[in-house]
Amino acid sequence: MTGERIRVIRKALSQSRFRARFHLNHDDIAYIQSKNLKVIRSHAFDFITKRLAPASPVQDGKQTPFRGHPVFKAQHATATCCRGCLQKWYRIPKRQILKPHEIELVVDMVMYWIQTEFGKHALVR
Ligand SMILES: [Zn+2]
């Protein structure tokens, strides 16, 4: 996927009332600070690999909680929460195992969002 396409998706996400309402709260920020972003990235990779990458993920469409881990919120905010959203927003077809570069793309989207949110909190403190 090109950088231009990713910019178009990020802009559309920021204009979606549903996607743009997700934010990290103080508990999420404290959790990230207690781990560091490298560890959060490894969590993101694990979640995406187990819950999103299979051709038929368990409970697809409902596999991503709305709280409990910063990565889950990031997935809703970036429309990487289920295979339906991945197809709609990223044109990644359903019913196929995600390829390694697609997993990387999702993890990058999630981590970019988390870092942006994290940065906002750092400025507020
Ligand atoms: Zn979804």
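The report below goes from the overall fold to one helix and then to some loop residues.

## Overall fold

This is a predicted model, and its secondary structure consists of seven helices and zero strands, so that from the N terminus on the elements run α-α-α-α-α-α-α. The radius of gyration of the protein is 14 Å, close to the 14 Å that the globule rule gives for 125 residues, and therefore the protein is as compact as a globular protein of that length. Taken along the principal axes, the box that the C-alpha atoms fill is roughly 45 × 25 × 25 Å.

Of the 125 residues, 26% count as buried. Among the contacts with a separation of 6 or more, 68% are made by residues 24 or more positions apart.

## An enclosed helix

Helix H5, which covers residues 70-77, is largely enclosed by the rest of the structure, because eight of its eight residues are buried. Those buried residues include Pro70, Phe72, Lys73 and His76. Just after H5, Ala79 takes a positive phi of about 60 degrees.

## Positive phi in the loops

Most residues other than glycine have a negative phi. Asn36, however, is not a glycine and has a positive phi of about 90 degrees; this residue lies in the loop between helix H3 (26-35) and helix H4 (37-51). Asn36 counts as exposed because it has 9 C-beta neighbours inside 10 Å, where the cut-off for exposed is 12 or fewer.

Arg91, in the loop between helix H6 (83-90) and helix H7 (100-124), has a positive phi near 60 degrees. Arg91 is exposed, with 10 other C-beta atoms within 10 Å.

Key: Residues are numbered from 1 along each chain as its sequence is written. This is a predicted model: local features need pLDDT of at least 70, side-chain atom pairs count only at pLDDT 80 or more; totals for chains, interfaces and linings use all residues. Helices (H or I, at least four residues) and strands (E, at least two) are DSSP runs, numbered from the N terminus. A residue is buried if 20 or more other C-beta atoms lie within 10 Å of its own, exposed if 12 or fewer, and partly exposed in between; C-beta atoms are placed from the backbone. The radius of gyration is taken over C-alpha atoms; the globule rule is 2.2 Å times the number of residues to the power 0.38. Two residues are in contact if their C-beta atoms, placed from the backbone, lie within 7 Å.
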